[in-house]
Structure formats: C-alpha cells, structure tokens
Amino acid sequence: MDFFRLPGRIFLEFLHYLGQLAALVGDLSYAVRSGILRLRLVARQIVEIGYGSQTVVIVTGAFTGAVFTFQCYMNFKQFGVETGVGAIVSVALCRELGPVLAGLMVAGRVGASMAADIGTMKVTEQIDALRVMGVDPVGYLVLPRFIAMLISMPLLIAESITFGLLASFLVTVYGYGVPQPWFVGHMVEHTNMTDLNVGMIKGFVFGIIITLVSCHQGLMAKDGAVGVGTGTTRAVVISSLSLLIVNFFLSVLLNYVFPMGASA
Amino acid sequence: MPEPATSEFIEVRGLQKTLGEQHILHGVDLTVHRGETLVIIGPSGEGKTVLMKHVIGLMRPDVGTVVVDGLHVEKLRERELAPIRAKVSMMFQNAALFDSMTVEENIAFPLVEAGLRDRKELRDRVQEALEVVDLAEHGKKLPVNLSGGMRKRAGIARAIVTRSQCILYDEPTASLDPLVSDVIDQMILRLQKRYHITSLVVTHDMKSMYKIANRVAMLKRGVIHFLGTPEELKNSPDPEVQDFIEGRSGITA
C-alpha cells in the first residue's frame with residue numbers, strides 16, 4: 001500500500017493546488033463583477049508587461065526565426081526545395097515557436113516580477129493593510145495585471161512572430177540568396193489567418209496561466225524574504241511547465257478548430 | 001435613565017485560535033469600551049497581535065465570538081466586513097506602508113478608496129493628518145527614505161485620516177527612541193481627547209502604557225491574565241504581573 005502513498009499524496013496536493021487556483025478565479029470574477037476597474041493600474045501594468053518585455057521578446061523571436069531558418073535551409077537544400085523555407089518558418093512561428101517562446105520569456109520576466117511584488121506585499125503586511133482599508137486585494141493587485149496581460153500577451157506574440165519572420169527573410173534572401181519573390185510567395189501562400197488565430201489564442205491562454213500562477217504564488221507567500229524567493233521560483237517553474245504542457249493539448253485542439261492549411 | 005444599548009465597542013468572548021501546531025489563544029474574554037484606550041501587554045508570542053487581527057477580521061476564530069459595534073465579525077464573510085473596516089482602522093507593527101507610493105499618497109489612499117474625489121479636500125485631509133503626526137515636511141518622500149519612527153508616524157497618519165471610530169495600534173513605540181515614543185504617546189492621547197477615538201494598543205513599552213492606558217489587559221498563556229487600571233496593575237500582588245512590568249526574568253548572570 002506504501003507504493004501508492006506517494007503518488008496519492010502528490011495527486012491530492014495537485015488537486016488542492018487546482019482548488020486554490022479555482023478560488024482565485026472565483027475572487028477574480030467577483031472583482032470583475034464589482035465593477036471597480038483601476039485604469040491607471042492597468043496602464044502601469046501594460047507598460048510593465050508589454051513595453052518592458054519588448055527587448056526580450058524581439059531578440060527571442062528574431063534569433064529563433066534566424067536559427068530555425070538556417071536549419072531548415074540546410075536540410076531543404078539537400079532536396080532542392082530551399083525556396084519553401086519561408087512557408088515552414090512562417091507556419092511554425094505563428095502556431096508554435098512565437099507563442100511558446102514569447103510565453104516562456106514573459107513567464108520568466110513578468111511572472112517572477114508579479115510573484116515577487118505581490119509576495120513582498122504579503123509578507124510585509126501591505127496586503128493586510130489593503131484589506132483593513134476595505135480594498136479587495138484581488139481586485140487591486142490581480143485584476144489590473146490580468147487585464148494588462150490579456151492585452152499585452154497577444155501583441156507580444158505578434159511582435160515575436162514578426163521579428164522571427166523578418167530575421168528569416170534576412171537570412172534566406174540576403175544570407176543564402178534565395179530570390180525574394182520566391183520566399184515571400186511561398187510564405188504568403190502557405191500562411192493563413194488560421195495560423196495567426198492559433199498564435200493569438202495561445203497568447204490569451206498563456207497570459208491567463210502566467211498571471212494566475214504567479215499572482216497565486218505571491219498571494220500565498222509566507223516566511224519573509226525566503227518565502228518570497230521560493231514563491232518567485234515556483235511561479236516561473238510552474239508557469240513555464242504548465243505553458244509547455246497546455247501548449248501540446250491546445251495545439252491538438254486548435255488543429256481541429258483551425259486545421260493547418262485551411263483559410264479562415 | 002437606562003444606559004445606552006451598549007457602551008462596549010469591542011466584545012471578545014471565549015476566543016480560541018490555533019495556528020499550525022500552536023494553540024495560541026485558549027479562550028480570551030475582553031471588552032473595550034467606547035472612547036477608552038485599552039492596552040494589551042504580555043510576553044512575546046502569546047497572541048496579542050493575533051487577538052488584534054481577530055478584531056478587524058484579518059483572522060477568524062476557531063471558537064468564540066468577536067463583536068465590533070454590534071456586528072459579529074466571525075459571522076461575516078470578507079466581503080461583508082466593509083462596515084466594520086469603515087469604523088476601525090489599524091496601524092501595523094511595521095507600518096505596512098505601500099512601497100510604491102509617497103507618504104502623501106499612502107495617507108490619501110484610504111480616502112480615495114472610500115470615494116473621496118475632491119482634490120482640495122483630499123489635500124487638506126492629508127495635510128491635517130501629516131501635521132498631527134508631525135510629518136508635514138516629509139509628505140513627498142517614499143517610505144524607504146523614512147526612519148523607523150517616521151514610518152510608524154506615517155502609518156498612524158494613514159490610520160487616523162479616515163476619522164475612524166476606533167484605531168488598533170500594534171506596537172506603536174517598538175524600537176523607537178524615548179523622544180519619538182513620547183511623540184506617539186502624546187498623539188494617541190490627543191486623538192482620544194480630541195476625537196474620542198477608541199483605541200486598542202498592543203505594546204511591550206511599560207512607560208508608554210502608563211501614559212496612555214485607561215485600562216490594561218495582560219495576555220498570558222492564551223487567556224487574559226490581568227485586567228484593570230494602570231494603578232491596579234502597578235499594585236497587583238500577582239508575582240507574574242510584577243515580574244513582567246518590572247522586567248524580571250529570574251535569570252541571573
């Protein structure tokens with residue numbers, strides 16, 4: 001029976017964790033229904049999440065596009081189909097690489113910051129101070145971050161895809177001398193709105209995961225600075241792993257809704 | 001003529017609380033009358049702050065009742081505590097000022113959240129609170145640039161700015177020099193005299209306690225071990241009370 005004890009405990013802890021996340025979603029929906037939206041805080045978070053993540057998302061998107069193009073070109077060349085690089089890179093960036101890599105970058109940069117900010121407020125009693133003043137901490141701290149993330153994340157993914165494609169264009173056309181019309185033609189021919197829709201939908205879902213996981217870790221922080229550090233690490237690890245796991249199932253599901261190669 | 005329905009502002013009955021493995025409160029009974037300053041003393045780790053947090057609904061009792069101005073705190077959900085929190089404010093041990101805001105913004109925060117939008121009134125109320133705590137010159141500073149005493153005073157200014165009927169102070173003079181401690185004591189006295197504010201103060205500072213308390217409660221082993229006036233405390237024959245107020249640990253070098 002001892003054999004089942006450890007997996008059983010892990011499963012129960014997982015259910016407990018999901019329950020806590022569900023409770024946070026409940027509090028968040030209450031905050032939405034209360035109708036109090038602090039636009040200044042939303043704007044500040046858009047700057048923090050969206051504007052502040054520009055560099056990391058652009059560099060990640062561009063160099064991923066460049067290296068993926070390089071690998072594709074080398075392999076495609078053996079079969080004499082190197083002009084098709086634009087098509088494969090574009091679809092891969094829109095559907096998978098753009099959303100996942102931008103998501104991981106944002107999970108690392110913004111998720112950590114959310115967990116640390118809220119966690120520090122928790123252990124220094126600033127969240128208790130909010131409650132004492134009759135301010136709902138979820139409405140004040142989580143809702144603005146949630147809205148800002150929903151606005152920023154799809155845009156960041158679009159930016160990551162754009163710079164990935166731009167890098168791919170530069171490597172293929174100027175690096176390997178593939179004629180520009182061939183690269184662009186194949187890319188436009190094989191990339192549909194459905195591919196972009198998939199990327200944007202993933203952006204929303206990843207944004208929700210990162211915000212919920214990171215804010216939850218912040219709100220649960222205890223035991224001073226050590227607790228904040230632990231919560232911050234857990235926020236990044238859980239958001240990144242959840243994002244990769246959810247991405248697989250989302251890809252399968254979205255392929256039914258938006259089949260590859262179909263136009264919107 | 002009959003007495004008013006209740007002269008009690010806070011009534012705690014049979015309060016028990018366990019945190020983790022530790023049974024902190026074993027059945028606390030305590031009444032705080034309207035307009036009085038009741039000081040809670042007692043050894044560290046005996047649950048003084050825990051008791052205070054029950055009064056404002058930051059913690060829920062395992063057993064017992066907490067009634068504030070006629071409302072049962074333990075029966076209300078977080079979202080239903082607003083009427084109590086409009087009447088009671090709290091100064092936290094480390095002030096709990098918001099790091100990202102200036103002192104002025106911190107003090108204006110509860111007013112803005114309560115719906116005050118008139119800029120002039122907002123400015124006047126904040127300025128008045130800053131003057132009460134003698135911080136008028138420091139309103140533009142961030143909390144990180146304040147000394148410990150200033151932070152405490154800013155925390156008090158934020159607690160009084162809403163003109164609450166009751167203020168809970170968690171160790172308002174801890175780790176402050178005697179002069180700053182006196183400033184804070186005088187301010188608590190002034191608020192009581194001027195605005196008839198009910199105060200519940202947790203402190204280890206005996207000098208401060210003698211200055212501000214109308215009554216003193218000593219919390220020990222999870223129950224109220226002593227309750228009376230400062231004079232009665234001083235003359236108490238109880239050796240545990242005397243050891244505590246005289247600071248005698250029984251350990252010799």
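Predicted model: local features only at pLDDT ≥ 70, side-chain atom pairs only at ≥ 80, totals over all residues.
Student: Why is Arg123(B) called partly exposed?

Tutor: Arg123(B), which is found in helix α4 (residues 119-132) of chain B, has 13 C-beta neighbours inside 10 Å. A residue is buried at 20 or more such neighbours and exposed at 12 or fewer, so with 13 Arg123(B) counts as partly exposed.

Student: What makes a residue such as Ala157(B) part of the largest nonpolar core?

Tutor: Such a core joins buried residues of kinds that include Ala and Leu, through C-beta atoms within 7 Å. The largest one has 137 residues, and those with the most contacts inside it are Ala157(B) and Leu168(B). Leaving aside residues up to four places away in sequence, Ala157(B) touches Ile107(B), Ala129(B), Leu130(B), Val132(B), Val133(B) and Leu135(B).

Student: How do you know that helices α6 (residues 137-175) and α8 (residues 193-219) of chain A pack together, and at what angle?

Tutor: Their axes are 8 Å apart, at an angle of about 145°, and α6(A) passes α8(A) in a right-handed crossing. Among the residues that make the contact are Leu141(A), Phe146(A) and Ile157(A) of α6(A), together with Met200(A), Gly203(A) and Phe206(A) of α8(A).

Technical notes: Residues numbered from 1 in each chain as written. Chains lettered and ligands numbered in written order. Contact = placed C-beta atoms within 7 Å. Axes fitted to C-alpha atoms, helices over the stretch in contact; angles between N-to-C directions. Helix = DSSP H or I, 4+ residues; strand = E, 2+ residues; numbered from the N terminus. Left-handed = near helix turned anticlockwise from the far one by under 90°.
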